[in-house]
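Colleague: Hi! I'm new to this one, could you walk me through it?
Modeller: Happy to, let me put it on the screen.
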Amino acid sequence: MFWRKGHDRYQGQLSAYIDDRLLARDRQALEAHLESCLTCRQALQHLQATVQALLALSLEEAPRSFALRQEQVAPRPFEPGSRPALPLGGLAVPIRLAAASLAVALAVLVVVDMGDFGGDGEVRDTTPSAERAFETGQAQGEAPAESAAPESSPAPTDSAAESEGRQTAQADDGLDPLRAAEIALAAALGILIVAFAIITLRTRRSL
Amino acid sequence: MQTSADDNHLVRRSQGGDLEAFNQLVLRYQNHVYSLCLRLLSSPAAAEDAAQDAFIAAFRGIRSFRGGSPSGTGFRAWLLRIAANACYDELRRRRSRPALSLETKGLDPPLEFAATGENPEERVQRLDLAAHLQQALASLPFDQRLAVILRDVQGLTYEEIAEATNASLGTVKSRIARGRAHLRDFLLRQRELLPDPFRRV
């Protein structure tokens with residue numbers, strides 16, 4: 001058993017021995033072993049014959065010149081990052097449109113919000129005065145009936161009146177720009193999310 | 001093998017984008033690169049593709065070559081490393097597309113030894129052994145095959161192989177030893193088919 005282990009160890013050193021990569025003491029020990037071990041001597045001879053055969057394999061001559069042409073080394077579209085292009089396929093146009101819509105919607109939102117024209121202010125302005133009073137009263141913690149509800153127009157207390165007021169406002173001014181921007185924003189976001197989901201699936205399939 | 005002064009000059013010019021200088025390096029080393037690809041892939045057509053890919057990749061990445069640094073390896077070892085990577089990619093591509101499998105050795109001309117004024121019988125023996133050796137090489141795991149080819153066919157030192165394969169010296173030594181032992185056992189199993197010199201051993 002111990003003899004076998006030593007035997008394997010020596011055979012494992014034969015390759016390094018051929019290349020003269022053994023430490024001096026290991027080389028001396030191996031050479032001493034080889035003198036007394038026919039199996040290891042034969043293994044060394046076989047290994048040397050194998051290496052000789054490999055050394056005799058010539059360098060193959062290239063079948064043609066591999067010199068490069070300028071067009072072969074032209075910069076790739078994504079250099080220097082060299083990331084491959086996303087497989088957009090037929091989604092390129094919808095994605096561009098969605099991105100453009102998103103940018104426009106965001107711009108409208110910012111302008112409307114900062115300028116405070118259109119949007120909530122206008123709707124409140126065109127809401128019937130009773131409703132304004134109702135909202136004001138609620139805000140001040142007073143009962144709506146006790147507030148300044150004019151006698152000539154009974155206070156509308158349900159949501160129908162509120163929506164009626166909003167519809168009136170929209171009918172007067174056309175489409176609320178804030179609302180339009182919100183819709184465009186939501187649509188653009190939706191298109192982008194769907195597009196990126198499809199791209200992700202395609203990318204995973206192509207890997 | 002150290003990068004020669006002439007190589008260094010051409011490398012520096014190539015790093016500045018000089019394609020003509022790089023092509024001089026290509027002509028100097030294309031036999032080494034093609035041979036490595038051929039031994040690794042066992043197919044002249046695949047080797048040609050891999051070699052071309054390797055040179056393109058080398059030109060694109062030559063700015064990262066640090067041949068002048070103390071730890072830097074020679075240009076040939078650096079180039080062979082890129083070629084080995086190209087071959088590995090080619091093998092992976094072909095594994096994922098069985099229609100492109102390299103198991104078409106019968107279609108390829110046999111890989112040859114260096115011929116030195118041999119007679120017809122010696123030529124037949126030489127081609128026989130070359131074919132067996134190539135078959136034996138193809139049966140090795142990629143890492144062992146690469147280490148054995150770099151050492152015994154390309155003649156790189158252990159240190160250069162370590163640089164070229166990004167492995168430690170101990171790993172290189174072990175891969176070469178295991179690869180050679182595997183080749184020896186493979187050839188011994190077919191001893192009766194081999195030429196006299198090997199049978200006598």
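Colleague: Thanks! How many salt bridges are there between chain B and chain A?
Modeller: The count between those two chains is five. Keep in mind that this is a predicted model.
Colleague: And how many over all chains?
Modeller: The structure holds 16 salt bridges over all chains.
Colleague: Nice. Which residue does A:Arg21 pair with?
Modeller: A:Arg21 forms a salt bridge with B:Glu159, at 2.9 Å from N to O. A:Arg21 lies in the loop between helix H2 (14-18) and helix H3 (24-36) of chain A, while B:Glu159 lies in helix H7 (residues 158-165) of chain B, so the pair joins two chains.
Colleague: How accessible is B:Glu159?
Modeller: B:Glu159 is partly exposed, with a relative accessible area of 38%. A:Arg21 is partly exposed too, at 28%.
Colleague: What about B:Glu48, which partner does that side chain meet?
Modeller: B:Glu48 meets A:Arg64 in a salt bridge of 2.8 Å, N to O. Here B:Glu48 sits in helix H3 (residues 44-61) of chain B and A:Arg64 in the loop between helix H4 (38-56) and helix H5 (92-115) of chain A, so this pair joins two chains.
Colleague: Let's switch to B:Glu90. Is B:Glu90 buried or exposed?
Modeller: B:Glu90 is buried, with a relative accessible area of 5%. Its side chain meets that of B:Arg93 in a salt bridge (2.6 Å, N to O), and B:Arg93 is partly exposed at 34%.
Colleague: How are B:Glu90 and B:Arg93 placed along the helix?
Modeller: They are three residues apart in helix H4 (residues 75-96) of chain B, which means about one helical turn separates them.
Colleague: How much area is buried between chain B and chain A?
Modeller: About 3800 Å², with carbon and sulfur atoms giving 61% of that. On chain B's side, B:Arg60, B:Arg180 and B:Arg184 supply 17% of the area buried against chain A, more than any other three residues.
Colleague: And how many residues does each chain bring to the contact?
Modeller: Chain B brings 47 residues and chain A brings 37.

Terms used. Residues numbered from 1 in each chain as written. Chains lettered and ligands numbered in written order. Predicted model: local features only at pLDDT ≥ 70, side-chain atom pairs only at ≥ 80, totals over all residues. Heavy atoms only, no water. Salt bridge = Lys/Arg side-chain N within 4 Å of Asp/Glu carboxyl O. Helix = DSSP H or I, 4+ residues; strand = E, 2+ residues; numbered from the N terminus. Buried < 20%, exposed > 50% of the residue type's maximum accessible area, 1.4 Å probe, protein only. Contact = heavy atoms within 4.5 Å. Buried area = accessible area lost by both parts, 1.4 Å probe.
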